[in-house]
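This report describes a protein model for a reader who has not seen it before. Please look over the sequence and the structure, then read on.

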Amino acid sequence: MKNKKITRKITQGVYVLTTDGGGCIVDAVSQISGGDQPLISVAVMKKNYTNELMHRNKTFSLSVLGIKANSDIIKTFGLKSMRDINKFENIKTNEIENLKVIDNSLGYMICETVDSIENETHTLFIGKLIEADVYKEEEAMSYSYYQEHKDKVLKVKTENGKTAFICMACGYIYYGDELPEHFKCPICGVSKEYFEKK
Ligand SMILES: Cc1cc2nc3c(=O)[nH]c(=O)nc-3n(C[C@H](O)[C@H](O)[C@H](O)COP(=O)(O)O)c2cc1C
């Protein structure tokens with residue numbers, strides 16, 4: 001593949017997906033039909049705890065993040081697992097249709113899962129929109145904005161004087177002079193070609 005970065009030009013947003021028991025940051029969201037209750041798809045990695053929960057539950061929410069989103073939201077929901085921490089402990093949420101939505105977001109969509117498609121690494125969940133609201137009319141964060149401004153969005157501070165490598169897929173920081181030979185990001189699994197030296 002000559003340059004996979006062109007896929008970043010596919011317009012995608014950055015969302016907090018929640019379902020009963022957890023949730024994670026997702027960008028792989030599409031509206032697949034129109035009408036009063038459009039169908040919306042979300043692709044969730046099989047290795048994520050959220051995938052397990054999505055199979056168990058019948059509803060999910062998507063909170064839309066704006067470009068001014070608090071970095072803690074993305075770090076908590078996108079770089080950590082509910083297997084290890086309670087992601088809802090320090091993030092303010094509202095309860096809508098028995099689901100948690102992010103208070104400091106541009107608004108939310110609540111969907112009822114109507115179908116799912118399995119592939120090797122992801123499950124594509126398809127939901128029907130059953131409730132939605134707009135909290136703020138501000139610019140939504142696109143995935144390419146996130147990629148281009150990751151240091152600012154995540155408020156990345158590398159420890160003074162130390163060499164660090166940042167994962168351009170998820171923002172994980174590795175400290176060390178060189179990445180080990182067969183290194184893979186422990187958070188999102190991408191290979192070391194995705195790391196940039198800081
Ligand atoms: C900007 C960004 C976009 C992401 N997009 C997706 C996505 O579309 N699908 C997905 O399954 N994970 C995505 N992730 C990764 C998950 O949010 C991450 O692996 C999370 O820690 C999983 O948590 P869990 O184990 O509690 O489910 C993304 C992360 C970031 C930072």
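## Surroundings of the ligand

Of the 25 residues around the ligand, which come nearest? They are Ala28, Asn48, Thr50, Gly78 and Ser81. Two or more residues of this shell are given by each of E2, E4, helix H1 (49-56) and helix H2 (71-79). The largest share comes from E2, with four residues. The model discussed here is a predicted one.

By kind, the shell around the ligand divides into 16 nonpolar, six polar and three charged residues. Domain 1 (4-145) and domain 2 (156-197) each supply at least three residues to the shell.

## The seven-stranded sheet

An open sheet is formed by seven strands in the order E2-E1-E5-E8-E9-E4-E3, with antiparallel pairing. E2 and E3 are its edge strands, and each of them pairs on one side only. On average, neighbouring strands of this sheet are turned by 30 degrees against each other, direction ignored.

Strand E1 covers residues 15-19, and five of its five residues are buried.

E1 pairs with strand E2 (residues 22-26) over five bridges, in the antiparallel sense. Within this pairing, tyrosine 15 stands opposite valine 26 of E2. The hairpin of E1 and E2 has two residues between the strands, and glycine 21 there takes a positive phi near 100 degrees. E1 is also joined by four bridges to strand E5 (residues 59-64), again in an antiparallel arrangement. In E5, the residue opposite tyrosine 15 is valine 64.

Strand E4 (residues 39-45) has one covered face and one uncovered face. Ile40, Val42 and Val44 make up the covered face, while Leu39, Ser41, Ala43 and Met45 make up the uncovered one.

Three bridges, antiparallel in sense, pair E4 with strand E3 (residues 29-31). Two of the residue pairs can be named: glutamine 31 has isoleucine 40 as its bridge partner in E4, and serine 30 has serine 41. Isoleucine 40 belongs to the covered face of E4 and serine 41 to the uncovered one. Strand E9 (residues 122-134) is joined to E4 by seven bridges, and these two strands run antiparallel. In this pairing, leucine 39 stands opposite lysine 128 of E9.

## Helices on the sheet

H1 lies across E1, E2, E4, E5 and E9, and runs at about 120 degrees to E2. H2 also packs on the sheet, where it touches E1 and E2. The direction of H2 makes about 110 degrees with that of E2.

Which residues of H2 are buried? They are Ile73, Ile74, Thr76, Phe77 and Gly78. Their cover includes E1, E2, strand E7 (99-102) and helix H4 (150-153).

## Valine 114

Valine 114 is placed in strand E8 (residues 107-118). Why does valine 114 count as exposed? A residue is exposed if 12 or fewer other C-beta atoms lie within 10 Å of its own, and valine 114 counts as exposed because it has 11 C-beta neighbours inside 10 Å. Leaving out residues up to four places away in sequence, valine 114 touches Ile126, Gly127 and Lys128. Lysine 128 is the residue of E9 that stands opposite leucine 39.

Valine 114 and isoleucine 166 are 52 residues apart in sequence. In space, their C-alpha atoms are 37 Å apart.

## The three-stranded sheet

Three strands form an open sheet in the order E11-E10-E12, with antiparallel pairing. Strand E11 (173-175) and strand E12 (195-197) are the edge strands, each pairing on one side only. Neighbouring strands in this sheet are turned by 25 degrees against each other on average, direction ignored.

Strand E10 (residues 164-167) is joined to E11 by three bridges, and the two run antiparallel. Isoleucine 166 has isoleucine 173 as its bridge partner in E11.

Technical notes: Residues are numbered from 1 along each chain as its sequence is written. This is a predicted model: local features need pLDDT of at least 70, side-chain atom pairs count only at pLDDT 80 or more; totals for chains, interfaces and linings use all residues. A residue is buried if 20 or more other C-beta atoms lie within 10 Å of its own, exposed if 12 or fewer, and partly exposed in between; C-beta atoms are placed from the backbone. Two strands pair if DSSP finds at least two bridges between them. A residue is near a molecule or strand if its C-beta atom, placed from the backbone, lies within 6 Å of it. Ala, Val, Leu, Ile, Met, Phe, Trp, Tyr, Cys and Pro count as nonpolar, Asp, Glu, Lys and Arg as charged, and the others, Gly among them, as polar. Domain bounds come from an automatic or database domain assignment. Axes are lines fitted to C-alpha atoms, for helices over the stretch in contact, and angles run from 0 to 180 degrees between N-to-C directions. Two residues are in contact if their C-beta atoms, placed from the backbone, lie within 7 Å.
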